[in-house]
Amino acid sequence: MALKLPIFMDNHSTTPVDPRVLEEMIPYFTTKFGNAASRSHKFGWEAEEAVDHARERIAKLVGAKDGKEIVITSGATESDNLALKGVAEFYRDKGNHIVTTVTEHKAILDTCKRLEKQGFEVTYLGVGKDGRVDPDDVRRALTDKTILVSVMLANNEIGTVQPLEEIGRITRERGVLLHSDAVQGIGKVEFDVQKMNVDLASITAHKMYGPKGIGALYVRRSKPRVRLVAQMDGGGHERGMRSGTLAVPLIVGFGKACDIMAQEGKAESAHLLALRKRLRERIMGKLDEVYINGSMEHRLPGNLNLSFNFVEGEGLMMAIKDVAVSSGSACTSASLEPSYVLRALGVGDELAHSSIRFGLGRFNTEEEVDYVADLVVSKVTRLRELSPLWEMHQEGIDLKSVVWAAH
Amino acid sequence: MSYSTKVIEHYENPKNVGTLDKSDPNVGTGLVGAPACGDVMRLQIKVNDSGVIEDARFKTFGCGSAIASSSLATEWIKGKTLDEAETIKNSQIVEELNLPPVKIHCSVLAEDAIKSAIADYRKKQAERRASGTGQ
């Protein structure tokens with residue numbers, strides 16, 4: 001098969017909708033368009049039935065007992081907001097302390113910052129060089145005021161998988177709720193709310209070949225029963241936890257995407273691991289001074305985050321413009337700061353600026369991997385020829401000994 | 001963010017990439033920026049006896065706009081006297097390359113690199129005169 005450009009290798013940002021998902025969604029836009037909250041006619045019943053079926057499929061993927069534990073939202077950002085703000089508000093009399101980690105997604109970190117302004121105290125745990133949080137650090141951070149711990153399943157930049165099972169054992173023992181942003185890892189690495197003692201979990205459809213604009217929050221209903229204060233007022237949908245007319249076609253797609261993941265996730269992960277190995281070996285076998293960011297052992301199968309020393313990330317992305325990847329370089333962020341995740345690992349700013357995140361997905365092929373690897377090798381070589389730092393390195397100058405005129 | 005055609009043109013076919021002999025008394029070297037900030041430019045000039053820049057070379061670690069800004073800077077200063085080259089402003093680079101606000105620092109760096117190379121050349125010349133080896 002001929003290679004088609006551009007190549008999408010940024011599957012942590014989003015994924016295309018699987019054609020099988022789209023196929024199931026279509027009737028719910030046109031003929032089965034009812035409002036799932038309409039109780040008085042067939043259109044409504046049909047929509048409600050479809051939503052309930054999807055809910056069961058979503059529940060099954062996270063390991064929930066039944067569909068009633070699934071609160072539909074607009075996506076993981078809303079799920080994260082609802083989990084943290086909803087729990088904080090409900091359990092305020094019990095305590096005002098929340099524990100999370102420095103490498104969480106901004107939907108968690110910025111929500112925590114807002115809660116701090118409202119009088120909550122938040123402990124941000126650091127991570128090791130491999131990107132993992134130490135469960136003992138979680139244990140030590142807990143106080144009699146702690147109401148919630150929030151730790152992601154897998155990181156969106158470096159793919160690091162967190163020791164949730166160990167953390168869940170600690171939080172359960174201490175009677176503290178555990179929330180996990182499971183967006184990146186769900187279906188790809190092991191995740192089970194029962195086994196891991198997770199009480200709330202955020203997921204979204206568009207990271208698993210479902211449509212954008214739809215997500216869910218798992219909320220445990222027993223042992224313990226988790227309570228939330230709704231952050232959206234209205235018709236009392238989703239058992240009062242999230243008002244708003246349900247987006248039936250999107251929910252149907254979400255359910256199908258979960259079903260596919262539940263059935264094919266394992267085989268897909270093996271495929272992704274093989275592709276990643278190929279990509280890594282083909283690049284690192286031909287280039288010096290390339291560093292892997294984050295743990296290789298505890299990592300999403302489709303994630304490869306590399307720093308190409310002496311080459312700037314955005315400059316490299318421009319050189320490989322037919323390949324969609326992302327970078328931790330400051331130039332790609334609105335804040336002009338390099339990736340806070342890489343900083344948290346202790347990766348120096350210069351290497352953070354040189355990082356590229358490859359996100360392999362369901363539809364990537366070996367041919368694409370070979371093409372991308374060879375392109376990266378040739379462009380890094382070219383950009384190094386253009387780099388004064390590479391020249392200095394070749395001359396044996398220690399760049400750390402140079403006094404730079406910072407600007 | 002998409003790049004302007006001119007940035008792409010300079011990035012894909014950069015002018016005057018290379019290295020001049022740092023120890024040559026007629027060569028001035030400017031090294032500005034820092035790896036931790038994500039951009040470093042090295043701009044070098046070779047000045048003839050009449051004070052005209054007869055050659056200019058650069059190497060840049062940075063994004064496409066940084067590479068384009070330095071490529072353009074070398075093009076502009078070639079054939080100019082030191083005094084003329086010194087008057088180049090970053091705003092002219094911004095205008096020529098159509099740089100968006102987040103990339104203005106690339107043009108500032110290029111202006112700094114020109115000034116720094118000229119200063120290095122003048123310092124070398126002054127030292128030569130002081131040690132009596134000048135012509």
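Reply: In α3(A), the contact residues are A:A47, A:A50, A:V51, A:A54, A:R57, A:I58 and A:L61. They meet A:V248, A:I251, A:V252, A:F254, A:G255, A:K256, A:C258, A:D259, A:M261 and A:A262 in α8(A). Contact means heavy atoms within 4.5 Å. Helices (H or I, at least four residues) and strands (E, at least two) are DSSP runs, numbered from the N terminus.

The model is predicted: local features need pLDDT of at least 70, side-chain atom pairs count only at pLDDT 80 or more, and totals for chains, interfaces and linings use all residues. Residues are numbered from 1 along each chain as its sequence is written, chains are lettered from A and ligands numbered from 1 in the order in which they are written, and side-chain values use heavy atoms, leaving out hydrogens and water.

(Axes are lines fitted to C-alpha atoms, for helices over the stretch in contact; angles run from 0 to 180 degrees between N-to-C directions.)

Chain B has a helix pair too. Its α2 (residues 64-77) packs with α5 (residues 104-130) at about 40°, with the axes 9 Å apart. From α2(B) come B:S65, B:A66, B:S69, B:A73 and B:I77. From α5(B) come B:C106, B:S107, B:A110 and B:I114. This contact holds 6 nonpolar, 3 polar and no charged residues.

Between the chains, 30 residues of chain B touch 28 of chain A.

On a 1 Å grid over the protein atoms alone, a cavity is a set of points where a 1.4 Å probe fits but cannot get out; a pocket is an open set with protein on both sides within 12 Å along at least five of seven lines; lining residues have an atom within 4 Å of a point. Points are joined across faces, edges and corners, and a volume is the space filled by probe spheres set on them.

The largest pocket has about 670 Å³. It is lined by 34 residues, with A:H105, A:N156, A:E157, A:Y340 and A:R357 nearest its centre. In chain A, α4 (76-90), α5 (106-117), β12 (326-327), α10 (340-344) and β13 (355-359) each give two or more residues. The pocket lining has 8 nonpolar, 18 polar and 8 charged residues.

The search finds 2 cavities of 30 Å³ or more. The largest cavity holds about 100 Å³. Of its 15 lining residues, A:H12, A:K188, A:L272, A:G302 and A:L360 are closest to the centre. That lining divides into 5 nonpolar, 7 polar and 3 charged. The second largest cavity holds about 40 Å³. Residues lining it include A:F310, A:L383, B:F61 and B:I67. By class, this second lining has 5 nonpolar, 4 polar and 1 charged.

Last, the backbone of chain A. Most residues other than glycine have a negative phi, and most peptide bonds are trans. The bond from A:L5 to A:P6 is cis, with omega near -5°. A:P6 sits in the segment before β1 (7-8). Another cis bond joins A:K223 and A:P224, with omega about -5°. A:P224 lies in the loop between β8 (215-219) and α8. A:Y209 has a positive phi, near 70°. A:Y209 belongs to the loop between β7 (200-204) and β8.

Definitions and conventions:
Ala, Val, Leu, Ile, Met, Phe, Trp, Tyr, Cys and Pro count as nonpolar, Asp, Glu, Lys and Arg as charged, and the others, Gly among them, as polar.
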